[in-house]
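Please look over the sequence and the structure before reading on.

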Amino acid sequence: MSTTKIPSLNDYSATSLQSFFGILTSEFESDRSQAHNRDAFEALRVKWVGRKQGLMNEIGDLLKTAPPEARRDVGTQFNAFKKLVEAQCDFEAVRDEFHATMAQAGFPVQREVARGIDITLPGAVRTPGIAHPLLQTMEAVVKVFHQLGYSTSLGPQVETDFYNFEALNFPPNHPARDTQDTLQIAGQSGKPSRDRLLMRTHTSPVQIRSMVAGPPPLRIVIPGKVHRNDAADATHSPIFHQVEGLCVDTNITFSDLKGTLDHAMRALFGSAVKTRFFPSFFPFTEPSADVQISCIFCGGSGCRKCKHSGWIELLGCGMVDPAVFASVTEERRKLGFDDNAYDPARISGFAFGMGVERIAMILHGVSDIGQFYSGDMRFLEQFA
Ligand code: PHE
């Protein structure tokens with residue numbers, strides 16, 4: 001707001017007074033038209049009607065010099081001007097009048113606005129949390145098996161050598177252990193090898209724990225975190241997630257395994273997806289297989305994502321090796337269960353294990369596994 005100079009007043013004739021108040025009125029109106037918020041209004045009020053330095057005081061002082069015969073006219077005009085200025089400097093009054101005019105013209109003027117709350121300001125945005133995409137994927141896989149009558153089993157991430165390896169038919173110092181780069185817990189060398197602690201390298205030890213805990217029939221899914229001493233790159237992370245499955249009952253055959261996984265893959269990736277089984281090796285399954293699904297990007301005709309093969313490798317599986325049932329039986333005996341519930345002559349089973357990150361990457365077209373662990377909201381928000 002610029003400073004306003006009070007115009008000079010040579011005489012008290014009607015013309016002089018009219019031009020004097022005319023100039024002041026237009027000065028005031030120009031100031032007033034620029035007052036767009038509460039602070040500006042306060043500045044306007046201080047400038048014109050402020051108790052100490054307000055222009056009204058100054059104008060009043062000047063007019064006191066009027067000769068007695070002009071006082072009446074001067075007084076009326078001064079009072080009228082003062083009334084106008086005071087009314088226009090009263091923020092609440094101006095605002096209420098504005099709202100009344102708006103309301104009369106048919107604009108909706110909420111009571112909140114009238115009370116000085118600006119309802120047009122953006123509100124405080126609350127973003128409700130969502131399940132992490134890996135958790136969403138893990139839950140989706142688990143759900144497919146729940147619908148087949150499986151229940152969920154969980155186990156510890158810090159595991160003993162026995163459950164992670166030995167009971168699963170990885171003998172001590174066997175080269176098969178090299179395929180799972182293991183993070184050992186420090187200070188374990190004083191213990192017998194089967195009791196040494198490590199970070200579980202797969203969810204398979206929960207197979208053993210579940211079988212030791214109870215007789216068949218058993219149908220379980222085992223979601224969880226696993227750890228390997230792997231360098232991180234676009235497709236590897238030292239900590240990742242698996243969903244394991246185990247089914248043990250009388251008359252379980254490789255056909256059951258094929259049918260179950262074929263159904264699960266179609267439930268997860270769409271009914272057009274085909275599966276195929278390749279011979280593979282795991283110490284705890286015999287026979288073992290790797291399962292591939294037809295490429296969900298090209299439908300099998302070959303593209304960059306499936307390296308032009310038309311197939312994507314997804315999981316490992318196989319029929320539970322009798323050596324695993326033998327470890328379970330031995331362990332159950334130690335605990336006092338002498339029922340031979342896991343006699344391979346009577347029962348059989350299949351197991352499978354899949355990587356959650358890999359499935360999530362395929363489902364969502366994510367090319368760098370690191371995105372899942374970055375905590376970058378721009379990435380995560382896409383899964384809300
Ligand atoms: N545990 C195996 C792995 O992590 C996967 C697997 C599970 C294979 C169950 C067969 C049966 O590589």
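The largest pocket is lined by 50 residues, and those lying nearest its centre are T235, E313, L314, G355 and R358. These coordinates belong to a predicted model. The volume of the largest pocket is about 1,500 Å³. Several elements each give two or more residues to its lining, namely β5, β6 (275–282), β7 (285–294), β8, β9 and α12 (356–364). Among these, β8 gives the most, with 8 residues. When the lining is sorted by class, it has 22 nonpolar, 18 polar and 10 charged residues.

What takes up space in the largest pocket? The space taken by the ligand is this pocket. Around the ligand, two or more residues of the shell are given by each of β5 (239–249), β8 (311–320) and β9 (348–355). In the shell, β9 gives the most, with 3 residues, whereas in the lining of the largest pocket that place belongs to β8.

The shell can now be considered residue by residue. There are 14 residues around the ligand, and H202, S204, R228, Q242 and F352 come nearest. By class, the shell has 5 nonpolar, 7 polar and 2 charged residues.

Which side chains have an N or O atom close to a nitrogen atom of the ligand, and at what distance? In H202, a side-chain N or O atom is 3.0 Å from a ligand nitrogen atom. For S204, the corresponding distance from a side-chain N or O atom to a ligand nitrogen atom is 2.9 Å. Q242 is placed against an oxygen atom of the ligand instead, with a polar side-chain atom 2.9 Å from that oxygen. How much of the ligand is covered by the protein? Taken alone, the ligand exposes 320 Å², and the protein buries 91% of that area.

Some features of the backbone also deserve attention. Most peptide bonds are trans, and most residues other than glycine have a negative phi. Against this background, the peptide bond from P216 to P217 is cis, with omega near 5 degrees. P217 is placed in the loop between α9 (205–213) and β4 (218–227). The peptide bond from E286 to P287 is cis as well, with omega near -5 degrees. P287 is in strand β7, an element that also gives two or more residues to the lining of the largest pocket.

The remaining backbone feature concerns phi. N169, a residue other than glycine, has a positive phi, near 70 degrees. Its place is in the loop between α8 (161–164) and β3 (197–199).

Technical notes
Residues are numbered from 1 along each chain as its sequence is written. This is a predicted model: local features need pLDDT of at least 70, side-chain atom pairs count only at pLDDT 80 or more; totals for chains, interfaces and linings use all residues. Side-chain values use heavy atoms; hydrogens and water are left out. A residue is near a molecule or strand if one of its heavy atoms lies within 4 Å of it. A polar contact is a pair of N or O atoms within 3.5 Å; within protein, one must be able to donate a hydrogen and the other to accept it, and residues adjacent in sequence count only if both atoms are side-chain atoms. Accessible areas come from the Shrake-Rupley method with a 1.4 Å probe; for residues, only the protein chains shown count as cover. On a 1 Å grid over the protein atoms alone, a cavity is a set of points where a 1.4 Å probe fits but cannot get out, and a pocket is an open set with protein on both sides within 12 Å along at least five of seven lines; lining residues have an atom within 4 Å of a point. A molecule sits in a cavity or pocket if more than half of its atoms lie within 2 Å of its grid points. Helices (H or I, at least four residues) and strands (E, at least two) are DSSP runs, numbered from the N terminus. Ala, Val, Leu, Ile, Met, Phe, Trp, Tyr, Cys and Pro count as nonpolar, Asp, Glu, Lys and Arg as charged, and the others, Gly among them, as polar. Grid points are joined across faces, edges and corners, and a volume is the space filled by probe spheres set on the points.
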